[in-house]
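Colleague: I'm new to reading structures. Could you walk me through this one?

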2 protein chains.
Amino acid sequence: MEEIEAQIERFIKEVDENALALYAKASKGKRLRAKLILKIAGESKESFKLAAIVEMIHAASLLHDDVIDEALMRRGSDSINALYGDKTAIMLGDILYSKGFLELVSYDREISKSISDAVAKLSVGEMMDVTLSEKINLDQKLYFEMIYKKTAVLIEATAQSAAYLCGKDSQAFALYGKNLGLAFQIIDDVLDITMSDEQLGKPSLADFKEGKTTLPYIYLFESLNDEDSKKLTSLYKKELTLDESQWIRIKMKERGAILQAIELAQKLGNEALNAIAHDKNSDLERVMRDMIERDF
Amino acid sequence: MEEIEAQIERFIKEVDENALALYAKASKGKRLRAKLILKIAGESKESFKLAAIVEMIHAASLLHDDVIDEALMRRGSDSINALYGDKTAIMLGDILYSKGFLELVSYDREISKSISDAVAKLSVGEMMDVTLSEKINLDQKLYFEMIYKKTAVLIEATAQSAAYLCGKDSQAFALYGKNLGLAFQIIDDVLDITMSDEQLGKPSLADFKEGKTTLPYIYLFESLNDEDSKKLTSLYKKELTLDESQWIRIKMKERGAILQAIELAQKLGNEALNAIAHDKNSDLERVMRDMIERDF
């Protein structure tokens with residue numbers, strides 16, 4: 001992974017020294033997408049560079065996301081917009097996006113098309129996320145379209161491109177990446193409800209307060225009687241009392257909404273594992289299993 | 001040009017219907033870049049699409065610029081950030097950028113590299129513009145680097161790509177585009193000083209107030225005695241009285257700073273005309289002459 005960090009820094013330095021100094025202050029994240037590339041395509045100059053490109057594009061999307069969501073923290077550190085203002089975060093995001101695209105052009109068209117198509121969808125996903133947070137959304141189709149575009153599509157394109165790079169079955173790895181992204185987002189949405197503030201390292205039940213009716217909420221609304229449904233609606237976008245938080249958690253469990261969401265994530269995960277079973281790639285299998293076979 | 005507008009709309013619609021509705025509210029601009037492509041490469045499906053791509057990328061950069069500059073107007077209309085907020089402008093910009101890149105991938109690498117390299121520089125140019133506006137900049141080199149990246153580089157890449165598309169001398173047209181962009185920006189900076197509010201359709205002498213020491217100011221500072229230099233420094237970023245505005249205009253004329261800037265723009269313009277003289281393209285010659293041979 002150090003080689004990838006160094007490659008990202010070389011890329012940014014080629015564009016602008018100041019941008020590199022700013023980038024140094026940004027949260028580096030888990031590098032999930034870079035790891036996927038190395039685990040699928042192995043280590044090579046081409047795969048290091050592609051990993052650096054995808055991580056730059058992902059970082060750009062987070063920089064803009066944090067401005068749009070007015071998020072002052074990113075993985076426990078101050079976000080760039082919190083440190084240097086929205087303008088700087090927008091400009092640094094544009095620099096990372098555009099340098100990522102510039103370097104992408106050197107790859108085969110199958111790869112550059114796949115990644116740039118994902119980025120176009122990613123931007124739409126961010127817009128959908130904002131729009132769907134304006135009022136309660138009970139449409140599963142819209143929820144799935146949004147998490148596909150906002151979270152899964154770049155992981156799908158990453159896995160697909162990595163497979164293409166080393167001549168593996170790119171359709172199978174695309175499905176793995178897509179379902180990994182979808183399952184990740186569903187689990188993330190579940191943990192917002194089931195975990196304590198301490199376990200999360202941020203306030204729990206934040207999604208509903210921010211206007212996001214994630215999958216467990218959609219399932220819950222589908223299963224509640226009129227009275228409880230009205231009560232849940234009345235809590236939307238509200239600062240919750242302890243009693244109200246407790247009530248949501250109890251209903252989520254009682255009506256099976258949490259379990260239903262976890263089971264869907266597991267189904268997606270198993271589908272992905274089947275798709276790449278022929279590759280006998282224990283690393284990739286572990287990544288997926290760690291996510292879907294955990295404590296909730 | 002209608003074909004290009006229709007192509008832009010088709011491209012945006014392919015990504016997202018909502019984005020198209022938003023885009024309809026954005027200022028369409030002069031379409032200078034699109035016109036350049038048609039005037040260099042002629043009309044063809046390829047040139048219409050390339051023109052649409054470049055205009056989408058240019059529109060994206062303006063959307064982000066207006067957020068960064070907190071500009072509420074764009075060519076006499078409300079900017080998208082003024083109408084729908086910064087978030088929407090950032091997201092629409094990201095959608096236009098990424099769809100532009102996605103479509104660019106279908107072109108020859110010479111073209112996709114040229115345009116995407118320009119966009120990376122464009123982002124850096126916007127950052128330089130902001131940084132250089134923090135305090136008085138008297139460094140001509142930094143000014144020229146900034147206006148090259150912020151204004152000229154995409155016009156350069158556009159003209160170069162159009163020439164490549166139709167097998168013309170891409171180096172010559174690149175120089176034409178670059179110098180057209182530089183001259184345009186220098187003239188724009190001159191008009192901010194020489195024109196009245198009514199002629200400009202916005203407050204004149206706005207650059208200095210916003211922290212921009214454009215070329216005429218750099219020339220003026222170089223020619224002033226200590227006392228006048230101190231006085232000019234004291235007016236930096238200030239709301240000017242009528243007397244102070246008048247004083248700046250008189251000194252600009254008296255010290256020849258305006259003329260010096262105009263002469264440089266004309267020199268750049270003539271260099272560009274020489275570079276493409278072999279093409280005997282009266283349209284392109286007129287575009288340049290209209291800009292450098294006008295009333296100031």
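Here are a few questions and answers about this predicted model.

Colleague: Which helix of chain A gives the largest share of the side that touches chain B?

Modeller: Let's start with the contact itself: 30 residues of chain A meet 31 residues of chain B. On the chain A side, α4 (45-68), α6 (86-104) and α7 (109-132) each supply at least two residues. The largest share is 12 residues, and the helix behind it is α7(A).

Colleague: How are α15(B) and α16(B) oriented to each other, roughly parallel or roughly antiparallel?

Modeller: Look at the angle between helix α15 (residues 257-275) and helix α16 (residues 282-292) of chain B: about 170°, with the axes 10 Å apart. Angles over 145 degrees count as roughly antiparallel. So α15(B) and α16(B) are roughly antiparallel.

Colleague: How many nonpolar residues are in the contact of α15(B) with α16(B)?

Modeller: α15(B) brings B:A265, B:Q266, B:G269, B:A272 and B:L273, while α16(B) brings B:E285, B:M288, B:M291 and B:I292. Split by class, that contact has 1 charged residue, 2 polar and, for the nonpolar ones, 6.

Colleague: What is the phi of A:R75 near?

Modeller: A:R75 is in the loop between β1 (73-74) and β2 (77-78) of chain A. Most residues other than glycine have a negative phi. A:R75 isn't a glycine, yet its phi is positive, near 50°.

Notes: Residues are numbered from 1 along each chain as its sequence is written. Chains are lettered from A and ligands numbered from 1 in the order in which they are written. This is a predicted model: local features need pLDDT of at least 70, side-chain atom pairs count only at pLDDT 80 or more; totals for chains, interfaces and linings use all residues. Two residues are in contact if their C-beta atoms, placed from the backbone, lie within 7 Å. Helices (H or I, at least four residues) and strands (E, at least two) are DSSP runs, numbered from the N terminus. Axes are lines fitted to C-alpha atoms, for helices over the stretch in contact, and angles run from 0 to 180 degrees between N-to-C directions. Angles under 35 degrees count as roughly parallel, over 145 as roughly antiparallel, 65 to 115 as roughly perpendicular and the rest as oblique. Ala, Val, Leu, Ile, Met, Phe, Trp, Tyr, Cys and Pro count as nonpolar, Asp, Glu, Lys and Arg as charged, and the others, Gly among them, as polar.
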